[in-house]
Structure formats: structure tokens, C-alpha cells
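The following note sets out several points for a reader who is new to structural work. Please keep the sequence and the structure in view while reading the points in order.

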Amino acid sequence: MYQDGDFRVSRRQPHGERWVLVTAPLTTHLIHPADSADAAWWRHAVIYQIYPRSWSDASGDGIGDLPGITARLQHLKDLGVDAVWFSPFYTSPQADAGYDVADYRDIDHLFGSLADADAMVAKIHELGLKVIVDLVPNHTSDEHAWFKAALAAGPGSPERDRYMFRDGKGADGSEPPNDWNSVFGGPGWTRVTEADGSLGQWYLHLFDTKQPDLNWDNEEVRAEFEAILRFWLDRGIDGFRVDVAHGLVKEPGLPDYDAELHILDGEIKDGSPRPPMWDQDGVHEVYRAWRKVLDSYGQPDRILCAEAWVRPQERAVRYVRPDEMHQAFNFDFLQTQWRAADLREVIQSSLEAADSVGAPSTWVLSNHDVVRHASRLGLPVGERRPNGIGPDDPQPDRELGLRRARAATTLMLSLPGGAYLYQGEELGLPDSTDMPAKYRQDPTFIRTKGKEIGRDGCRVPIPWEKDAPSFGFGPGAETWLPQPEVYGEYAVDQQVGVEGSTLELYRTVLRLRHERQLGTGGLQEFEGLGDDVVALVNTGQGEDTLVVANLGAEPVALPEGAEVLVASGELTDDGQVPTDTTVWARLA
Ligand code: GLC
């Protein structure tokens with residue numbers, strides 16, 4: 001184990017007009033104690049997100065499907081992840097790419113059948129990986145049997161009480177019940193036509209008009225979702241990613257709140273009043289009940305992971321108290337600017353907050369709702385993260401973005417706790433940033449009339465083979481969103497076995513993370529390498545790994561005696577860590 005002062009580093013430092021060589025001892029301080037070596041699987045798992053529409057298409061209709069996924073699962077085994085999370089594959093009119101569920105117990109015909117799902121889950125388990133499915137409890141589709149029944153049954157009925165129906169304001173009820181907006185733009189309420197043809201009540205939809213919010217004060221809603229949990233648990237799945245976990249319970253009385261809603265921006269600023277639709281205390285009771293359902297399935301643990309865009313972190317970790325969920329996405333980390341001080345701060349505060357409730361932290365850089373980090377990090381540092389990039393927007397620097405993305409991932413995967421990867425990031429895939437408007441399908445783009453570009457750019461089908469139709473995504477040439485020409489260069493077959501490729505970097509880093517038990521390690525901050533560097537020691541289960549991410553303009557020397565294990569980019573001729581590069585080294 002490393003002792004303070006054991007290591008020294010020599011580096012060039014500005015001194016008036018000149019640079020001088022200084023040698024300084026290094027010190028550390030502990031920011032997170034180690035977990036036990038036999039900690040439950042989810043406390044250190046790396047979970048890979050598959051967006052079923054865009055991973056692999058067996059049927060040839062240009063949309064991915066479950067048989068397509070099953071045929072390519074070996075990719076994940078070779079990559080070295082521990083689990084797979086599937087974005088929704090349930091029966092759905094696809095108004096929000098499946099996050100509008102019409103039947104929670106069946107598979108959409110686009111993706112296959114329940115038998116296909118069973119075969120896929122069996123194959124994943126055979127490979128020794130776990131399976132996590134998406135659960136969407138905040139809203140259903142307007143084509144769900146319950147919503148149809150609610151429309152038919154009329155005001156005051158038990159069917160309507162499962163949703164958030166209200167009478168409108170004004171003498172004739174023609175104004176919405178309050179001023180809430182939809183996250184996707186436009187009003188958060190839609191007025192219905194009653195069975196007799198008259199204009200009637202309004203229903204709340206925090207998202208698209210086709211995604212009516214459920215009423216979580218209704219006991220039938222609670223019972224139904226517990227039954228849905230059991231349905232999938234009985235089919236052998238290992239956990240759930242819980243969509244919009246912070247939205248289920250609304251403040252009583254639905255008070256006005258006319259701000260624009262940006263779920264993806266974490267718009268809840270520290271110290272500002274809590275918006276009445278997000279992060280209400282009552283939501284935790286729901287997750288305590290779900291935890292009991294999951295725990296009743298015994299060992300190994302089945303898990304819940306919260307998608308909760310909640311700030312500050314002290315509020316966010318309330319979702320992962322010991323009797324609630326197991327994990328929550330760390331969106332603060334995803335949103336951190338590419339600055340060493342910001343990264344050091346978010347790593348430390350995330351671990352402290354998670355440690356305060358005994359949960360592991362998680363780490364994530366990309367998903368199906370944000371600009372891929374290989375593109376995001378190619379935009380100027382310090383600017384607001386855009387909701388999609390279109391052809392008329394400033395374009396990211398592709399080379400710089402990839403370099404930084406590789407460094408960011410190498411840093412992320414050195415951190416203790418769970419980590420989430422999004423399909424295609426292991427290829428260094430950039431967003432599609434020049435997609436013509438006519439192809440766009442994100443309701444955000446449609447509802448804001450293009451003011452917000454939205455999320456299609458990160459959802460484009462994955463390239464597997466450079467010279468095949470649709471780059472090997474499926475037998476057909478067409479894909480549901482067009483693939484940029486440049487995706488061919490990133491295809492899996494261009495990277496497998498190629499030294500220095502992003503895919504091989506991910507494989508190496510994941511193998512070393514596993515071998516060196518970094519997921520359960522303790523974490524120390526290593527001081528003395530300079531302000532523009534994130535320097536950490538992951539103590540593993542006894543063997544230290546030094547992690548140096550250099551975000552500064554000058555190369556950084558490693559401590560004397562450090563032996564490089566992996567680097568996100570080439571080192572300088574004299575073995576220093578150049579700008580926008582992360583290195584793992586053995587401290588022997
Ligand atoms: C979550 C999903 C997003 C979806 C929204 C509404 O944020 O990740 O894709 O549009 O919820 O369900």
C-alpha cells in the first residue's frame with residue numbers, strides 16, 4: 001500500500017519567464033473506503049445499454065430487433081461488461097421510441113415476441129451476464145387499455161382516477177388546470193373529447209400528448225406495477241432501470257409552475273424551490289414497496305436503478321437508501337465540463353454522497369438522451385450542453401472529441417462503483433450531427449418545431465461491418481435513422497484486434513478493471529501532479545492503480561517507478577502523459 005512521500009515526481013513548472021524542473025513528493029488523501037471483495041454484483045458492475053431499435057436488425061426492416069440482438073451477444077462478452085440494460089421493447093405505438101408503453105407484459109411486434117425475449121435472456125445468462133429491463137411507471141401510452149377505458153368511462157370514474165384528469169379552468173373549462181409545460185415542449189395538458197362528443201376534461205402529460213401521466217395516489221396503479229415487476233422477475237430478469245423515477249408523485253393541489261421543463265438539464269438548481277412535479281418526498285414510499293418485492297426473490301440480488309435528474313446530490317442519494325433502490329444514475333458526472341477541477345470535485349462529492357447512505361456511486365457519460373460524449377467533448381468547454389446537434393449548429397471537433405472521450409472513459413472506468421456504457425461508445429462513435437430534419441423522430445424536435453434538435457443524433461444504428469449494407473446493422477440497406485457515411489470507419493470489424501482502436505482500449509480497460517478489482521476499491525486523491533490533472537489511486541483489494549488524467553496544456557510526468565498498464569492515447573517519447581490523455585499505472 002502506498003505511503004505518503006513514497007513517490008516523487010519531477011516536472012516542469014513555470015517560474016517567471018522560464019520553466020524549471022522541480023521534484024516534489026506526492027501526498028494522498030482518502031476520498032472513499034474500499035468495499036468488501038465479495039460485495040454484491042451490482043455494487044461494481046459495468047452495465048451496457050442496448051437501445052433495441054439500433055443495435056442489430058435480423059428482420060431487415062431497418063429497425064433493430066431481439067433476434068438481431070441475440071445473434072450478436074458475443075460482442076458484449078468479448079467487451080467484458082457484466083450486464084445489459086435494454087431500453088423498452090414493449091408493445092408501443094412508438095411515439096417516444098417505446099417510452100410510451102401500451103402493454104407492459106408483451107414485446108412490440110417491431111422487436112419480436114415474448115419467446116424471442118426469453119431466448120435472448122437465456123443466451124445472456126448463458127454468457128454469464130445479467131439482464132436489466134426498462135420500467136416506465138410515470139406514464140403509459142394513450143393506447144394502453146387503461147387509458148382507453150378512462151376515456152370511455154368519463155369524469156369521476158375509477159378508470160379516470162388511474163390518470164391525472166382534471167376539469168379545466170374558466171367558465172367553460174377551456175383553460176388547462178394549471179400552467180405546467182411538457183418536457184418535450186408545449187403545454188403539459190391535453191383536453192379530451194368526451195364520449196358524447198363534447199369537449200371535456202384535461203389530462204396531464206409531462207412528456208408527449210401520447211404519454212398520459214399515471215396517478216400514483218391510486219392503489220390500483222401501485223398494485224399493477226408490483227405485478228409487472230413480478231411478471232419480469234418471474235421470467236428471470238435481474239433488475240429494472242426505472243424511467244423518470246423522480247416524477248411519479250406530484251405536489252398535492254398541482255400548484256402552478258410555469259418554467260420550461262428540461263429533464264435533461266437537471267434544471268433543479270441548488271437552493272431553488274422544488275418544482276411540484278419532481279422529486280416529491282412521497283415517491284420514496286413506492287420504491288420501498290418495490291424493494292420488498294425484489295428482495296423476496298432472494299439471492300443473487302435483483303436490482304433497481306433510478307433515472308432521477310435530481311439535485312443536489314444529497315437529494316439524489318435518497319433514492320438509494322438501504323431500503324429503496326440499489327443504484328441511481330450519476331448525471332452530475334455526465335454533465336461535468338472537461339476541466340480537471342470540475343472532475344475532481346464531482347468524483348469526490350459523488351462518492352461522499354453515495355457513501356453517506358452506504359450505496360455505491362455510479363458513473364455514466366452517454367445514453368440515448370444526450371449527445372454522445374465523443375461529440376459532446378468536441379464542443380467548446382464551458383458552454384451549455386445542447387439537446388442534440390443539427391446541421392446548422394456549430395459542429396463538434398471530431399478528433400478532439402474522440403481523444404477526450406477516450407480519456408474520459410478511461411478515467412470513469414477506474415472509479416469504484418457501478419458504471420454504465422451506451423451502445424456504440426466502445427467504438428468511439430460520434431453523434432449524427434448533420435441529419436436532415438425530415439428524418440427526425442424525437443417528439444422534442446416535433447413539439448418545439450425544431451427549436452430543440454432533440455435526441456435522434458445519438459440513436460442511429462450501430463456499424464458492425466464497413467463494407468456491408470447498413471454497415472452490417474441488418475440485411476437491408478435502409479435504417480430507421482440514416483447512418484452518417486463516416487460511421488463505416490468506426491465499424492466493429494475495423495477495430496477488432498487493431499492496436500490503439502477505441503474498441504481495444506475499452507476491452508483492455510474493462511479487463512484490467514476486473515483483474516485489479518477497481519470496482520470495489522478504495523479511492524485516494526493523489527496530490528502534487530498539478531491543478532490540470534485528475535490523479536487518483538484506486539487501492540483495489542490491495543494492489544494500487546494510479547490513474548492520471550491530464551487536462552492541461554503541458555505533458556505530465558508520472559511518479560518515479562510507475563509502470564504504465566494502459567493509456568487512452570500515445571504517451572510522449574519520454575513517457576509523459578500528454579494533453580487529454582488518461583493513464584493507469586502500477587505503483588510498485
Ligand atoms: C426518460 C427516457 C427518455 C424518455 C423519457 C420519457 O428520460 O430516458 O428517453 O423520453 O423518460 O419516458
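1. A search of the whole structure, which is a predicted model, finds 35 salt bridges. Side chains of opposite charge can pair when their charged atoms come close. The points below treat a few of these pairs and then turn to a sheet.

2. Asp96 and Arg455 form a salt bridge in which the closest N and O atoms are 3.3 Å apart. Asp96 lies in the loop between β6 (90-91) and β7 (103-107), while Arg455 lies in the loop between α12 (443-447) and α13 (502-515), so the pair ties together parts that are 359 residues apart in sequence. Are these two residues buried or exposed? Asp96 is buried, with a relative accessible area of 5%. Arg455 also counts as buried, at 8% relative accessibility; the cut-off for this term is under 20%.

3. A salt bridge also joins the side chains of Arg160 and Glu194, at 2.7 Å from N to O. Arg160 belongs to the loop between α4 (145-153) and β9 (165-166), and Glu194 to the loop between β10 (189-193) and β11 (199-204); the pair thus links distant parts of the chain, 34 residues apart. Arg160 and Glu194 are both buried.

4. In the salt bridge between Asp208 and Arg447, the closest N and O atoms are 3.8 Å apart. Because Asp208 lies in the loop between β11 and α5 (219-234) and Arg447 in helix α12, the pair ties together parts that are 239 residues apart in sequence. Asp208 and Arg447 are both buried.

5. Salt bridges that share partners join Asp96, Asp369, Asp442, Arg455 and Arg459 into one network. Asp96 and Arg455 are the pair described in point 2, with closest N and O atoms 3.3 Å apart.

6. In which order do the strands of the open sheet stand? The 6 strands follow the order β3-β17-β18-β19-β21-β20, and their pairing is antiparallel. β3 (27-32) and β20 (562-567) stand at the edges with a single partner strand each, so one side of each is left without a neighbour in the sheet. From one strand to the next, the twist averages 30°.

7. Within this sheet, strand β19 (residues 545-550) pairs with strand β21 (residues 581-587) in the antiparallel sense over 6 bridges. Ala549 has Thr582 in β21 as its bridge partner.

8. Helix α11 (residues 398-412) lies across β18 (533-538), β19 and β21. The helix runs at about 35° to β21.

Conventions
Residues numbered from 1 in each chain as written. Predicted model: local features only at pLDDT ≥ 70, side-chain atom pairs only at ≥ 80, totals over all residues. Heavy atoms only, no water. Salt bridge = Lys/Arg side-chain N within 4 Å of Asp/Glu carboxyl O. Helix = DSSP H or I, 4+ residues; strand = E, 2+ residues; numbered from the N terminus. Buried < 20%, exposed > 50% of the residue type's maximum accessible area, 1.4 Å probe, protein only. Pairing = 2+ DSSP bridges. Axes fitted to C-alpha atoms, helices over the stretch in contact; angles between N-to-C directions. Contact = heavy atoms within 4.5 Å.
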